[in-house]
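I opened the notebook for this one and went through it feature by feature. The entries below follow the order in which I looked things up.

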Amino acid sequence: MINGWVSDDVCMRGNEDTFPGASTLKKSNIVRYDSPGDMVVGLQNKEVDAVFAFEYGVQELAKKGLVLDAVSEAVNCAIGDSLHFITRKDSKLLPWFNTTLKEMKENGKYYRLCREAKIKHGKKGKIQCL
């Protein structure tokens with residue numbers, strides 16, 4: 001599993017029908033990596049037998065030549081089919097993000113990127129620009 005991703009052991013436990021036995025998964029049996037690249041190296045070095053990751057992440061890995069076999073149906077653990085990020089209250093990221101998003105909306109760049117995303121990636125699912 002990758003640190004900070006929605007696809008984690010909590011997601012697996014919430015989808016016990018897809019992952020039988022997930023509720024009994026021991027934390028000592030979970031290996032966490034800091035990036036998809038680190039996860040791939042762990043898989044290639046046989047540190048782990050399997051990985052649990054977003055379908056999009058697996059598709060990106062396939063573009064780089066690493067093809068993985070799916071052993072279950074895809075599950076979505078994002079809340080409301082969306083992704084979120086969190087930050088500490090004292091992080092400098094939040095003020096920067098809020099200012100940057102406001103500027104991008106005011107100068108039209110946000111809406112241009114959103115239109116482009118709908119055209120380029122809309123077949124993967126609904127893209128909603130707020």
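How many salt bridges does a search of the whole structure find? I ran it and got 1. I note here that the model is a predicted one.

**Entry: the salt bridge**

I looked up the partners. The side chains of Arg112 and Glu116 meet, with 3.0 Å from N to O. I then placed both residues in helix α5, which covers residues 109-121. They are 4 residues apart, about one turn of the helix. An α-helix has 3.6 residues a turn, so residues three or four places apart point the same way. I checked accessibility next. Arg112 counts as partly exposed because its relative accessibility is 35%. Glu116 is at 39%, so it counts as partly exposed too.

**Entry: aromatic rings**

I searched for aromatic pairs and found 1 in the structure. Tyr110 and Tyr111 form it, and the geometry is edge-to-face. I wrote down 5.1 Å centre to centre and 90° between the planes. The cut-off for edge-to-face is over 60 degrees, so the label holds. Tyr111 is at 34% relative accessibility and therefore counts as partly exposed.

I also looked for charges over rings. The charged end of Lys105 sits over the ring of Tyr110. I noted 5.2 Å from the ring centre.

**Entry: helices**

I listed the secondary structure. The protein has 5 helices and 0 strands. From the N terminus on, the order reads α-α-α-α-α.

I took the span of α4, residues 93-107. This helix has 15 residues and reaches 21 Å from its first C-alpha to its last. That is close to the 21 Å expected at 1.5 Å a residue. Gly108 follows α4, and its phi is positive, near 90°.

**Entry: a positive phi without glycine**

I turned to Lys46. Its phi is positive, about 60°, although Lys46 is not a glycine. Where does Lys46 lie? I found it in the loop between α2 (36-44) and α3 (55-63). Is Lys46 buried or exposed? Its relative accessibility is 71%, so Lys46 counts as exposed.

Val51 is in the loop between α2 and α3 as well. Val51 counts as partly exposed, because its relative accessibility is 27%. I listed its contacts, leaving aside neighbours within four places in sequence: Met39, Leu43 and Leu68. I also took a C-alpha distance from Val51 to Ala70, which gave 9.7 Å. These two are 19 residues apart along the chain.

**Entry: nonpolar cores**

I asked which residues make up the largest nonpolar core. It has 8: Ile2, Tyr33, Met39, Val40, Val48, Ala53, Leu61 and Leu66. A second, separate core has 7 residues, including Met1, Met12, Ile30 and Phe52. In soluble globular proteins, nonpolar side chains tend to be buried together.

I followed up on Leu66. Not counting residues up to four places away in sequence, Leu66 touches Val40, Gln44 and Leu61.

**Entry: Met1**

Met1 lies in the segment before α1. Its relative accessible area is 11%, so Met1 is buried. Met1 and Pro36 are 35 residues apart along the chain, and their C-alpha atoms are separated by 8.7 Å.

**Entry: Asp9**

Asp9 is in helix α1, residues 9-13. Why does Asp9 count as buried? Its relative accessibility is 2%, and the cut-off for buried is under 20%. Its contacts, not counting residues up to four places away, are Met1, Leu25, Lys27, Ile30 and Arg32. Asp9 and Ile30 are 21 residues apart in sequence and 8.1 Å apart from C-alpha to C-alpha.

**Entry: whole-protein totals**

Buried residues make up 19% of the 130 residues in the protein. Of the contacts with a separation of 6 or more, 46% come from residues 24 or more positions apart.

Terms used. Residues numbered from 1 in each chain as written. Predicted model: local features only at pLDDT ≥ 70, side-chain atom pairs only at ≥ 80, totals over all residues. Heavy atoms only, no water. Helix = DSSP H or I, 4+ residues; strand = E, 2+ residues; numbered from the N terminus. Buried < 20%, exposed > 50% of the residue type's maximum accessible area, 1.4 Å probe, protein only. Phe/Tyr/Trp six-rings, centres within 6.5 Å; stacked < 30°, edge-to-face > 60°. Lys NZ or Arg CZ within 6 Å of the ring centre and 35° of its normal. Expected span 1.5 Å × (residues − 1). Salt bridge = Lys/Arg side-chain N within 4 Å of Asp/Glu carboxyl O. Core = buried A, V, L, I, M, F, W, Y, C linked by side-chain atoms within 4.5 Å. Contact = heavy atoms within 4.5 Å.
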